[in-house]
Amino acid sequence: MFPSENPAPLAPPAPQHPDHAVSRLRTQRLAASAKPFLARGSGGGRCAGCRLVASHCLCGLRPQVSTRAGVCLLMGDIEALKPSNTGWLVADVVADTWAFPWSRITVDPALLELLADPQWQPYVVFPGEFVEAERVVTDLQTEESSDEATAPGAKKKPLFVLLDGTWSEARKMFRKSPYLDRFPVLSLQPEAVVSNYRLRRSARENHFCTSEVAALCLALAGETHAANTLAAWLDVFTERYLSVKGWTRLDPGSETHQRLQALAALGGQGAGEGEGEDAAGLIPRVSRLEPAA
Ligand SMILES: [Zn+2]
């Protein structure tokens with residue numbers, strides 16, 4: 001036997017495709033689709049892990065943080081299929097993220113089960129101005145868990161229910177999901193400035209994308225490191241997304257990338273509660289991928 005003159009090239013390292021709630025929902029939604037979904041600008045070899053073209057893939061940079069808080073995404077019909085959906089970024093970073101397709105007529109029993117789980121205190125995140133005042137809260141309650149498995153007096157963990165879709169879809173989800181009616185509505189007030197988490201964007205321009213909303217919720221829950229990491233992840237994603245569109249040049253050494261890397265380096269080393277933020281100068285740069293619906 002002679003060695004092959006053309007040995008097989010070494011396989012590239014396996015891409016770190018996330019197997020998370022939104023990627024699974026995307027797969028389900030694609031399978032259920034009668035016709036192939038053609039996203040604008042699709043084709044050209046998008047990475048299944050981050051939805052960007054291979055040259056701009058950011059899977060190798062994906063941070064993960066441990067949080068006490070959870071996120072439950074109710075997603076509009078094609079939301080999980082949009083390459084610009086930022087609920088995906090939440091699922092990238094926050095391990096306890098669930099995603100359910102929203103429908104006016106049916107509800108996934110797993111969603112009802114999650115909402116009824118005594119370890120969680122669900123909050124429906126929605127602008128308070130559209131809701132009866134008695135349901136609206138602007139801060140987290142500290143209700144004790146009724147779960148006997150947890151320590152007596154243990155606090156329930158916050159579960160942020162985010163309505164991920166266009167504004168018109170979100171309003172419909174809010175109005176036509178009776179199973180959400182018993183939960184407090186968390187009305188975010190970014191201008192009140194949650195400690196260590198600041199937005200550059202004018203408070204008047206208060207349409208936030210889903211991952212920004214999630215970051216604000218995490219900040220409110222005292223998960224500063226997670227909030228900043230998610231904000232930095234959105235920034236890096238946005239920078240690359242816009243670069244794919246040819247609006248900017250890809251610079252893997254940009255300030256945004258450095259900030260994400262600094263946060264990733266902090267990792268779980270006590271970076272959770274207000275430590276280390278100053279190290280990376282963490283003021284999230286807010287940007288928007290799509291015009292407000
Ligand atoms: Zn990728």
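**Note on a predicted model: confidence and helix packing**

1. In this predicted model, residues 193–205 have a pLDDT that stays under 50. Where pLDDT is low, predicted coordinates should not be read in detail.

2. For the chain, the mean pLDDT is 80, with 72% of residues at 70 or more. Residues 1–5 also have a pLDDT below 50, and the model shows zero contacts for them beyond near neighbours in sequence.

3. Helix 5, spanning residues 210–220, crosses helix 6 at roughly 165°, and the two axes come within 7 Å. Because angles over 145 degrees count as roughly antiparallel, helix 5 and helix 6 are described as roughly antiparallel to each other. The crossing of helix 5 past helix 6 is left-handed.

4. On the helix 5 side, this contact is formed by Ser-211, Glu-212, Ala-214, Ala-215, Leu-218 and Ala-219. Helix 6 contributes Thr-224, Ala-226, Ala-227, Leu-230, Ala-231 and Leu-234. By class, nine of the residues in the contact of helix 5 with helix 6 are nonpolar, two are polar and one is charged.

5. Helix 6 (residues 224–244) also packs with helix 7 (residues 255–266), at an angle of about 145° and with the axes 9 Å apart. Helix 6 passes helix 7 in a left-handed crossing.

6. The contact of helix 6 with helix 7 comprises six nonpolar, five polar and three charged residues.

Notes: Residues numbered from 1 in each chain as written. Predicted model: local features only at pLDDT ≥ 70, side-chain atom pairs only at ≥ 80, totals over all residues. Axes fitted to C-alpha atoms, helices over the stretch in contact; angles between N-to-C directions. Helix = DSSP H or I, 4+ residues; strand = E, 2+ residues; numbered from the N terminus. Left-handed = near helix turned anticlockwise from the far one by under 90°. Nonpolar A, V, L, I, M, F, W, Y, C, P; charged D, E, K, R; others polar. Parallel < 35°, antiparallel > 145°, perpendicular 65-115°, else oblique. Contact = placed C-beta atoms within 7 Å. pLDDT = per-residue confidence, 0-100.
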